[in-house]
Amino acid sequence: MKLKTLIHICFLLPFVFTLFNAQVLISILVYDVYAQIMAYANLGLLVLGVILLFKNHGEFSRTAKMWIIFFILYFTIGMTAGIIHDHPSNIIVSIIPLFYVVGFYYYLSFSENRVLFEKVAFICLIIVCLLCIHWYNINFDLDKGGVHIYTVDRAQGVYGDANNMALTSIIAFVFVYKIFQPKNKMLYILKLALLFAMFYSLFVTFSNTGFMVLIVSLVMLNHNFFKGIRLLIGIILIPVLYIFLLNLNNLTADLDLVGQQRDKINNIVNIVSLNFDKVDDSGRNELVAKLLTYVYENPFFGNGVDFAISKHGHNTIIGVWADAGLFVLLFFLGMLFTYFVRAIKSSTETRFFVLPLLIAMCIFMLSLQTIINQPYLIAFFMYIGYKIDFAQENEEEDVTQIEE
């Protein structure tokens with residue numbers, strides 16, 4: 001086996017493994033021991049990959065490097081806080097994202113590796129979304145480990161979580177929209193079909209956050225459309241969209257919506273009609289409020305690594321504060337702000353590719369507690385950092401498009 005091939009395997013195999021949530025799938029559908037062996041094998045591959053690239057790496061990204069600093073601060077202060085407040089945590093499991101941060105910091109330092117990463121991510125994201133649609137159609141429930149006897153209200157995909165699947169569907173939609181540039185009519189039809197599939201994968205999750213983020217993403221992805229007379233037409237159509245959303249219950253009355261599906265439609269209607277007190281947040285406000293009581297008890301240095309997850313906080317940003325305190329939170333927010341500033345300053349093509357991804361992941365931080373704990377999302381953050389810092393190089397080489 002060639003050294004270059006081995007290096008690709010060391011990084012891309014763990015990425016694909018986590019993107020498909022293979023550890024949980026194998027644990028539920030096959031055998032738990034096999035899942036643990038594969039998880040540790042992936043960490044071993046990442047370590048081996050870093051060793052192979054340690055002295056022969058490419059040019060590093062200053063934006064992506066901030067994640068290494070963040071996790072060092074997070075674990076140093078968080079572990080100390082855990083010892084002080086006697087909060088037990090599985091450090092081996094908790095530190096896994098740091099392996100992926102360091103690993104992809106080295107792997108993506110080569111432009112050709114970024115090209116291959118894009119292609120692998122492109123293909124795998126599509127497969128994950130198609131699996132989501134298929135499982136929803138056959139009424140497969142990951143939590144039950146098989147086909148459920150009752151109708152599944154919301155598609156949860158390979159993650160067993162509707163919001164997590166919604167975020168991945170949006171990332172997949174952006175990747176297909178920006179990376180797949182067809183050269184003939186047949187490929188153009190294929191692209192439209194894939195975009196519809198990614199949209200449907202999002203739709204069956206019935207994620208209110210996902211729907212709103214997709215609208216923002218569509219506007220940014222089609223920024224060239226909103227100029228001159230087309231901008232005027234777009235402004236005129238806003239009231240039409242508003243009326244459409246306001247009457248969504250009536251428009252979907254004949255659809256066989258059940259359980260949470262109808263609840264999510266009601267949420268959209270309540271949001272656009274400004275009846276925020278009637279919006280069902282699935283108890284997340286109460287969970288965040290409860291988490292904040294612990295934050296206020298130890299605001300400066302936190303309560304320990306993964307403390308927020310143990311309390312089901314469902315908020316990544318508040319979770320960082322609860323785990324490692326105010327100083328780490330400020331660095332975390334500053335890092336995200338830097339991402340946005342550098343993305344806005346990048347070229348037009350890069351800007352309107354990475355901003356929808358950044359906006360999606362950051363908005364979902366308000367409803368998901370695991371954004372910075374999901375290795376595949378960490379890999380995407382590292383990729384975006386390199387994309388921002390080396391945008392001009394990427395565009396000159398024209399390597400960001402999948403062609404015939």
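Trainee: Are E118 and K387 buried or exposed?

Mentor: The model is a predicted one, and in it both E118 and K387 are buried. These two residues form a salt bridge, and their closest N and O atoms are 3.2 Å apart. E118 belongs to helix α7 (residues 111-137) and K387 to helix α18 (residues 375-389), so the bridge ties together parts that lie 269 residues apart in sequence.

The count of salt bridges comes to two. The other pair to look at is E349 with K178, where the closest N and O atoms are 3.3 Å apart. This pair also links distant parts of the chain, with E349 in helix α17 (residues 348-364) and K178 in helix α8 (residues 162-179), 171 residues apart. K178 has a relative accessible area of 11%, so K178 is buried, because buried means under 20%. E349 has a relative accessibility of 43% and therefore counts as partly exposed.

Now find K191, which sits in helix α9 (residues 185-203). K191 is buried but has no salt bridge. The nearest side chain of opposite charge is that of E349, 8.9 Å away, and a salt bridge needs the nitrogen and the oxygen within 4 Å. E349 is the residue that forms a salt bridge with K178. What does K191 touch, if neighbours within four places in sequence are left aside? The contacts of K191 are then V176, Y177, F180, Q181 and P182.

Last comes the helix. Helix α3 covers residues 32-53, which makes 22 residues. From its first C-alpha to its last, α3 reaches 32 Å, close to the 32 Å expected at 1.5 Å a residue. Its buried residues are A35, A39, N42, L43, L45, L46, G49, V50 and L53. They cover an arc of only 150° around the axis, which means that they are on the same side of α3. Among the elements that cover these buried residues are α1 (3-19), α2 (22-29) and α6 (96-107). On the face of α3 turned away from the buried side, you will find the exposed residues I37, Y40 and I51.

Technical notes:
Residues are numbered from 1 along each chain as its sequence is written. This is a predicted model: local features need pLDDT of at least 70, side-chain atom pairs count only at pLDDT 80 or more; totals for chains, interfaces and linings use all residues. Side-chain values use heavy atoms; hydrogens and water are left out. Helices (H or I, at least four residues) and strands (E, at least two) are DSSP runs, numbered from the N terminus. The expected span of a helix is 1.5 Å times one less than its number of residues. Buried means under 20% relative accessible area, exposed over 50%, partly exposed in between (1.4 Å probe, protein chains only). The arc is that of the directions from the helix axis to the C-beta atoms. Contact means heavy atoms within 4.5 Å. Lys and Arg count as positive and Asp and Glu as negative; His and the chain ends are not counted.
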